[in-house]
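Please read it alongside the sequence and the model.

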Amino acid sequence: MPDYKLSYFDFHGGRGEPVRLAFAIAGIPFEDDRVSFDEWGTRKAGTPFGSLPVLEVDGKTLCQSNAIGRFIGKLAGLYPADPWQAALCDETMDVTEEMIGAVGSTMFLPEDEKKARREALAAGPIPFYLERLQKKLEENGGKYFAGDSLTVADLKAAILIRLLRSGMFDYIPADLPDKTAPKLVEHYNRVMDNPDVKAYYAKVGAEL
Ligand SMILES: N[C@@H](CCC(=O)N[C@@H](CS)C(=O)NCC(=O)O)C(=O)O
C-alpha cells in the first residue's frame with residue numbers, strides 16, 4: 001500500500017476533514033499531518049499552490065480538496081462507478097466548495113467589511129444554496145446526494161453544515177441550516193451516525 005500523508009489545519013473541519021473521514025471509513029492508514037496556524041507562515045511557500053489540504057502519495061503531491069476527495073473516494077468505495085451518479089457526487093462537492101469559498105474569503109477582512117460581507121451572505125446566497133442543496137438531496141431520495149450509499153459528497157456537505165452550525169462565523173446565524181434546510185441537518189446527523197465516523201471521532205477524542 002502507498003504511503004499517504006494528508007496535511008491540513010489542526011481542527012475537525014474545513015476542506016481537509018472529509019478526506020480524513022474517507023481514509024478512516026476505508027480503514028486506509030495515513031499520516032495525519034496537522035498544521036498549526038503558527039506553523040503555516042513558514043510552510044505555505046513550500047506547498048504547491050500556497051494552500052491546504054495537500055495529499056502526498058509516496059512523496060508525490062496532490063492539491064485541491066475535491067480532487068483529493070475523488071481520489072480517496074475511488075480508493076475507499078465512496079465515489080460512484082456510474083458516470084451519472086459520479087457527476088451528481090461532483091455537483092454536490094463543487095457547490096459545497098463554492099459555499100466554503102464564499103464564507104472562507106471573509107476570514108481575514110477588517111471587522112466592518114467582514115460584518116457587511118457575512119450579513120449579505122446570510123441574507124441571500126447561503127440560504128439560497130442551502131435550500132437548493134436540500135432540494136437536490138430530496139431529488140435523490142433524501143438520504144444521500146449520489147446513488148444510494150455514502151459518498152465523499154455526503155462527507156463534504158456534512159462538514160459544511162457542521163461548520164455553519166458551529167457559530168464560529170460571526171454575523172452568520174448558527175441556526176441558518178436548521179431554519180432553511182432542516183433536511184440537510186438530518187443528513188448531517190445521518191453521516192455522523194455512521195459507525196466508522198463515530199469510531200473515528202471517538203479515536204481522535206473530538207468533542208463536536
Ligand atoms: N480550492 C482549494 C482551496 C484551498 C484553500 O483555500 N485552503 C485554505 C484552507 S481551507 C487555506 O489553505 N488557507 C490558507 C491560505 O490560503 O493561506 C481547495 O479546495 O483545496
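## The sheet

Four strands form an open sheet in the order β2-β1-β3-β4, with mixed pairing; strands (E, at least two residues) and helices (H or I, at least four) are DSSP runs numbered from the N terminus, and two strands pair if DSSP finds at least two bridges between them. The edges are taken by β2 (31-35) and β4 (60-63), each with a single partner strand, so one side of each is left without a neighbour in the sheet. Direction ignored, neighbouring strands are turned by 20° against each other on average. This is a predicted model, in which local features need pLDDT of at least 70 and side-chain atom pairs count only at pLDDT 80 or more, while totals for chains, interfaces and linings use all residues. Residues are numbered from 1 along each chain as its sequence is written, and side-chain values use heavy atoms, with hydrogens and water left out.

Strand β1 (residues 4-9) pairs with β2 in the parallel sense over five bridges, and glutamate 31 in β2 is the bridge partner of lysine 5. Helix α3 (residues 65-76) packs on the sheet, touching β1, β3 (54-57) and β4, and its direction makes about 115° with that of β4; axes are lines fitted to C-alpha atoms, for helices over the stretch in contact, and angles run from 0 to 180 degrees between N-to-C directions.

## Nonpolar cores

A nonpolar core is a set of buried Ala, Val, Leu, Ile, Met, Phe, Trp, Tyr and Cys residues joined through side-chain atoms within 4.5 Å, where buried means under 20% relative accessible area, exposed over 50% and partly exposed in between (1.4 Å probe, protein chains only). Of the 56 residues in the largest core, Phe23, Ile126 and Leu155 touch the most other members, and helix α7 (residues 152-165) gives the most to this core, with ten residues. Leaving aside neighbours within four places in sequence, leucine 155 is in contact (heavy atoms within 4.5 Å) with residues including Pro18, Leu78 and Val191. A second, separate core of seven residues includes Phe9, Leu52, Val54 and Cys63.

## Proline 53

Proline 53 is found in the loop between α2 and β3 and is buried, with a relative accessible area of 3%. Leaving aside its neighbours within four places in sequence, proline 53 is in contact with Leu6, Ser7, Tyr8, Arg15, Gly16, Leu62, Cys63, Gln64, Ser65 and Ile68.
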